[in-house]
Amino acid sequence: MAISGRRAAMRGSCCAALLLVGCALGPDFHKPAAPDVERYDSRPPPARTASAQVAGGAAQSFASDADLPGDWWTLFHSPPLNALVERALKNNPDLDAARAALTVAHENTLAQRGAYFPAINADVSASRQKQPGTLSPTPADNSLQYSLFTPQLSVSYVADVFGLNRRTLESLEAQAQATRFALVAAHIALAANVVNAAVNEAALREQVAATEQLVDIETQSVKILRYQFDKGYANRLDLAAQEAQLAQTQAGLPPLRKQLEQQRHLLAALAGEFPAQAQAEDFGLASLTLPQDLPLSLPSKLVEQRPDVRQAQANWHAASAQVGVAIASRFPQITLSANAGSTALEIGNVFKSGTGFWGVGVDVAAPIFAGGKLLHAERAAKAQLVQAAAQYRGTVLTAFQNVADTLTALDEDARALQAAVAAADAARTTLELSQRRTQAGYANYLSLLDAQQAWQQARIALIQAQANRYTDTAALYLALGGGWWHRADLSGKNDEE
């Protein structure tokens, strides 16, 4: 009993102190420090990547702590690509939905700020009544039938002694920040998706062209071999093998054409257009310029630049404020109220002397028993805070992983393109020599088949390797944050520090 008494006295003292200073219960959120790492990978990126004499084969270098432009896709120097990205940023419905979600979050925050001010309501009532004669009449003139006019003004204010309103507003502001960074993430992801889709469309179109070219070569070979078979210079086995090779190559065309059309449909959807109404844009890998000087932000800056990390930080902040909301909900709520008005039997007598009334009051409502609802709500809020903190750490790790993966891809895919160029050149030379030797009768058609297959595989591998250089570059800009802080429509003016 003595311990319970002391606890009650301590709680009473705390309540008295809070009434005086108006503290906000719950933890105060502090911005997490940047990870203490100096590099993205265990090995530093190369000074320059490998190069090759082909479109997309330029060597690339990395500029440490260089800034990113907000319109990084223009570095590919493709006017059709620039126009497509701008159309997508203007018309994409997912981006429109993200903008609307930000407006909702902003307005909800402004609505909550109204809790800081008194609520003032005006009310005017008019009634016509008739009292039974068996009861005492209400008016002073003993009338049984009368009219009553009552205008009044009431004011109420909830004193935010324990910070319930402040923590609620803090949580909503953090949620608005999270929504804003979700919009930023959607914006830069959309731009990267458009670039990647355009590059893949160009690569697929070139693969289709290469396969069609191979079909023409193999068709010509079949004609020659059939002629030689008719003359008795070739056997049926060679002709059947060449015909099978031609059929196999022709069978590879429909899947490539299907993927090409799907990429075009994707480009239309990203730009907010119907596939049947989309503006036709034929992108070519040779028409794109590979940026040679690439920025590489310092690891300490990455958490500030990545919108997903900033979104996770804002969600962590919101969860922290919700702990304060849950704690404050278990303490008394104090409401101050006042009202004043006038009551008269005739509308012309309203506000005359003797008709006025007023009242002031204070209401203290304290939860006593709620079946454990408030206690478990507080525990749930604290668990959500732990969850948000872990999600933030996971997002940071993923961000660093993205950059490290992209740097590795830039280096290795440059080497892969260099090797693909050499392989394609060798395969093309082998095919030409095999064709000449076969036509001259110095080699059998099995050698020609092998050369044709090798050339097709090398040509398609080369096109894919070229496309990888462009998509890797786009991935780096995306992984580093996309330069959104340079765009007036994304940077914002009230970014929390």
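## Basis of the model

The structure is a predicted model, in which local features need pLDDT of at least 70 and side-chain atom pairs count only at pLDDT 80 or more, while totals for chains, interfaces and linings use all residues. Residues are numbered from 1 along each chain as its sequence is written, and side-chain values use heavy atoms, with hydrogens and water left out.

## Helix H2 and its surroundings

Helix H2 covers residues 79-91 and has 13 residues, with 18 Å from its first C-alpha to its last, close to the 18 Å expected at 1.5 Å a residue; the expected span is 1.5 Å times one less than the number of residues. Helices (H or I, at least four residues) and strands (E, at least two) are DSSP runs, numbered from the N terminus.

The buried residues of H2 are Leu-81, Asn-82, Leu-84, Val-85, Arg-87, Ala-88 and Leu-89, where buried means under 20% relative accessible area, exposed over 50% and partly exposed in between (1.4 Å probe, protein chains only). These buried residues pack against helix H3 (93-113), helix H4 (164-231) and helix H6 (253-270), contact being heavy atoms within 4.5 Å.

## The pairing of H3 and H4

The axes of H3 and H4 come within 9 Å and cross at roughly 165°, the axes being lines fitted to C-alpha atoms, for helices over the stretch in contact, with angles from 0 to 180 degrees between N-to-C directions. That makes H3 roughly antiparallel to H4, a term for angles over 145 degrees.

Among the residues of H3 that meet H4 are Leu-95, Ala-98 and Arg-99, and the H4 residues in this contact include Asn-165, Thr-168 and Leu-169. The residues of the contact of H3 with H4 divide into eleven nonpolar, seven polar and four charged, with Ala, Val, Leu, Ile, Met, Phe, Trp, Tyr, Cys and Pro counted as nonpolar, Asp, Glu, Lys and Arg as charged, and the others, Gly among them, as polar.

## Pro-299 in helix H7

Pro-299 lies in helix H7 (residues 299-305) and is buried, with a relative accessible area of 7%. Leaving aside its neighbours within four places in sequence, Pro-299 is in contact with Val-37, Glu-38, Arg-39, Tyr-40 and Phe-400, and its C-alpha atom is separated by 8.2 Å from that of Ala-34, 265 residues apart along the chain.

Most residues other than glycine have a negative phi. In the loop between strand E1 (61-64) and H2, Asp-65 has a phi near 60° and is partly exposed, with a relative accessible area of 37%. His-77, also found in the loop between E1 and H2, has a phi near 55° and counts as exposed at 53% relative accessibility.

Note on methods. Parallel < 35°, antiparallel > 145°, perpendicular 65-115°, else oblique.
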